Amino acid sequence: DLGYDGDITYGGTHIYRIQPEFFEQQIFYFKRDFTLLGGSIYDIFEFAVENSSKEKIHEALKEVGAYEYFNGLKQGLDTPLADVQSRIPYNIKLRVQLAILKLRNTPIVLVEDFSDALRAFYVDEIISLLKRFTVGKTVLIVSNELEILQSADKIVLIDEAGHFDSVGNLGTLQQISPYYEEILQKAKLKAELDQVTKKLVVNKDAFTVENDIILSLGNIIDFT
């Protein structure tokens, strides 16, 4: 007995009575760690999206800013991903998921927080794309990124010990939760560090996206 009670239902039906295939059709899982395994980028989309033509794949990849990367590979979009897996930038992997999300168009989206693993100068763009493709959808996300949470209708705040703290939107939480106020102060300091990081990477000849110094600057403050 874990001390929990209650039920989880979808449309009035307990989730245990719903077939797994139904959730596959209704839910898209946006993963923090997304691996592009096997075949080409075309194969990834063929597996993830029904009736995905090359034209639709090209359009989606262009919209999320990933087409030029794959088109620039030795064999273009037909390049076996196993040959380049270790060299694919993290932001490109997230963009591929965004393209799949756009084509899948599921009513429910589950999102793993990726912001602390992504270089600061990509975060705003990825969040903006995520918001664009989830308009009108039900989105469940575990995140410490205030930019993501700003558009949330309801936020359940969990403290560092994993205990329930409070529930509300950004405005009400600031009024009722001292713990949330503490998070806000840390977030402001982190945002300032992120701005420093963005300035450092303007000159990409001096600071590349793989620079460990830049990575550490973006993760000095941890309020997970």
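**Salt bridges and their surroundings**

Modeller: The side chains of E125 and R95 meet in a salt bridge, with 2.9 Å from N to O. This pair links distant parts of the chain, since E125 belongs to helix α6 and R95 to helix α5, 30 residues apart. Please keep in mind that the model is predicted. The two partners differ in their cover. E125 has a relative accessibility of 37% and therefore counts as partly exposed, as this value falls between the limits of 20% and 50%. R95 has a relative accessible area of 4%, so R95 is buried. Elsewhere, salt bridges that share partners join E63, K102 and R132 into one network.

The count of salt bridges comes to three. One of them is formed by the side chains of E63 and K102, at 3.4 Å from N to O. Because its relative accessibility is 29%, E63 counts as partly exposed. K102, at 28% relative accessibility, counts as partly exposed as well.

E63 also meets R132 through their side chains, and this salt bridge has an N to O distance of 3.1 Å. E63 lies in helix α3 and R132 in helix α6 (residues 120–133), so this pair ties together parts that are 69 residues apart in sequence. R132 has a relative accessibility of 45% and so counts as partly exposed. In general terms, side chains of opposite charge can pair when their charged atoms come close.

There is one further distance to note around R132, which lies in helix α6. The C-alpha atoms of R132 and L98 are separated by 9.9 Å, while the two residues are 34 residues apart along the chain.

Helix α5 covers residues 90–104 and lies across β3 and β4, at about 170° to β3. These strands belong to an open sheet of three strands, in the order β3-β4-β5 and with parallel pairing. At the edges are β3 (27–30) and β5 (138–142), each of which pairs on one side only. On average, neighbouring strands of the sheet are turned by 15° against each other, direction ignored. As a rule, strands of a sheet pair through backbone hydrogen bonds, either parallel or antiparallel.

Strand β4 (residues 108–112) is joined to β5 by five bridges, and the two run parallel. Within this pairing, I108 stands opposite T138 in β5.

The loop between α5 and β4 holds N105. The phi of N105 is near 55°, a positive value in a residue other than glycine. At 53% relative accessibility, N105 counts as exposed, because the cut-off for that label is over 50%. A second case is N51, whose phi is positive at about 55° although N51 is not a glycine. For context, most residues other than glycine have a negative phi.

Apart from the charged pairs, there is a nonpolar patch on the surface. V156, I158, F164 and V167 form this patch, and together they have about 370 Å² of accessible area. Strands β6 (155–158) and β7 (164–168) each supply at least two residues of the patch. V156, for instance, lies in strand β6.

To return to the request: the salt bridges are three in number. E63, K102 and R132 are joined into one network, and E125 pairs with R95.

Methods:
Residues numbered from 1 in each chain as written. Predicted model: local features only at pLDDT ≥ 70, side-chain atom pairs only at ≥ 80, totals over all residues. Heavy atoms only, no water. Pairing = 2+ DSSP bridges. Helix = DSSP H or I, 4+ residues; strand = E, 2+ residues; numbered from the N terminus. Axes fitted to C-alpha atoms, helices over the stretch in contact; angles between N-to-C directions. Contact = heavy atoms within 4.5 Å. Patch = residues over 30% accessible without salt bridge, like charges linked within 9 Å, V, L, I, M, F, W, Y side chains within 5 Å. Areas by Shrake-Rupley, 256 points an atom, 1.4 Å probe, with all protein chains shown as cover. Salt bridge = Lys/Arg side-chain N within 4 Å of Asp/Glu carboxyl O. Buried < 20%, exposed > 50% of the residue type's maximum accessible area, 1.4 Å probe, protein only.
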